[in-house]
Amino acid sequence: MEVTSAVHSVGFLHLQTHLQRLNSREFFLSTRPRRVQVPLPCYIHHHPNYLSNAKGGCSQRTSLIINSTSATSTATSAAEGSLSEVEKIKQRCLTWQWKGQYSINYFVSSDSPQQLHANHPPLLLVHGFGASIPHWRRNIKTLAQNYTVYAIDLLGFGASDKPPGFQYTMETWAQLILDFMNEVIQKPTVLIGNSVGSLACLIAASDSSQTLVRGIVLLNCAGGMNNKAIVDDWRIKLLLPLLWLIDFLLKQKGIASALFERVKQRENLRNVLSSVYGNKESADEELVEIIREPANAPGALDAFVSIVTGPPGPNPVVLMPKISLPVLLLWGDEDPFTPIDGPVGKYFSSLPSQQENVELFLLEGVGHCPHDDRPDLVHEKLLPWLASLPNSD
């Protein structure tokens, strides 16, 4: 069952725990940073909180100016050191206008000099259903040591726009990823996604016209935007009549709003997150806030309803044969949403023997979100795979 099987818990929220947890992914709203428009080099521009406190007129000695700038840098570093990784990520986010009308929240980081990244492809991190950029809180710092790391809030999630009445589809998110690579990154990029973010990356990479995808990393890839796609799973067949009923009920504004209010309660989220993480310590209070806070954003309820009741989108079984790029599959073996013994998990498990470009590693004791659940295990497999990719053009 996918992370987007949130729909299951709509009808049984008070009756069945395993259905309840499938409906509890929320939306993250981060504070947009104030941006200082100054002519800085590209690397520093990626860090909008960079400030210069040098005081005094031009008659000051050069040594005093250098000392003042150095002191400012030290003070800024000390201030950042007191913040959590989530707060650092939020403060460094930027905004990109997609199609001239949608504000998309994104992050870019490079913690070592740019020349060290010249031969490495940039990375684009794409979150799963209900998550957002800070869900990569345990990965960005490690990856940024050798790569320029981008992360994006998909439309309808995090601090990106949630336009009223918008009909969300997997294809829309895939196009967003393609346009972001073309307009913002402008270099061949490795796509790294979790859950429905994985599927969006896969759809983007399957576009025969694209030339900017260098490789793909799929972390517990979803089979669709919601579970109506997985019709060959007996569990889904059993629940299909209920899913259709829930779709109907969710389109009633009052019912949807009442359910949404219940789902986003802190205790419900805490229980749900703990049930889908293998490492319970990773399902901490910070994660609860990452998932919970954006539920208060205008448009969050509409996005939730549209995604749960919308079309499931392309199936990975159809997409994967089109992919000749290097593909790394990392799969948590304790995932209740896309279990390795389910239809999607079994299909991906069979791929390494069928396609030479595909590698699969099963991560023991890990749930649906391996990158946050056990980042050490993910980095252990991910970093060597990235290093093996051909250098950028």
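The model is predicted: local features need pLDDT of at least 70 and side-chain atom pairs count only at pLDDT 80 or more, while totals for chains, interfaces and linings use all residues. Residues are numbered from 1 along each chain as its sequence is written, and side-chain values use heavy atoms, with hydrogens and water left out. The protein has 17 helices and eight strands, taken as DSSP runs (H or I of at least four residues for helices, E of at least two for strands) numbered from the N terminus. Of its 393 residues, 56% are buried, where buried means under 20% relative accessible area, exposed over 50% and partly exposed in between (1.4 Å probe, protein chains only).

**Contacts and cores**

- Among contacts with a separation of 6 or more, 77% join residues 24 or more positions apart; contact means heavy atoms within 4.5 Å.
- The largest nonpolar core holds 61 residues, of which L124, W173, I177 and F348 touch the most other members.
- A nonpolar core is a set of buried Ala, Val, Leu, Ile, Met, Phe, Trp, Tyr and Cys residues joined through side-chain atoms within 4.5 Å.
- Helix α7 (residues 170-185) gives the most to this core, nine residues.
- Apart from neighbours within four places in sequence, F348 contacts L218, C221, P316, M320, L329, W331 and L360.
- Another core, of 27 residues, lies apart from the largest one and includes F107, A151, L219 and L377.

**Helix α8**

- In helix α8 (residues 196-205), ten of ten residues are buried.
- The elements covering these buried residues include β3 (123-126), α7, β5 (189-194), β6 (213-219) and α14 (316-319).

**Contact of α11 with α12**

- The axes of α11 (residues 266-276) and α12 (residues 285-292) come within 10 Å and cross at roughly 115°; axes are lines fitted to C-alpha atoms, for helices over the stretch in contact, with angles from 0 to 180 degrees between N-to-C directions.
- That makes α11 roughly perpendicular to α12 (65 to 115 degrees; under 35 is roughly parallel, over 145 roughly antiparallel, the rest oblique).
- R266, L269, R270 and L273 of α11 meet E285, L287, V288, E289, I291 and R292 of α12.

**Positive phi outside glycine**

- K99, in the loop between β1 (94-98) and β2 (102-109), has a positive phi near 60°.
- K99 counts as exposed, at 52% relative accessibility.
- S195, in the loop between β5 and α8, also has a positive phi, of about 60°.
- S195 is buried, with a relative accessible area of 0%.
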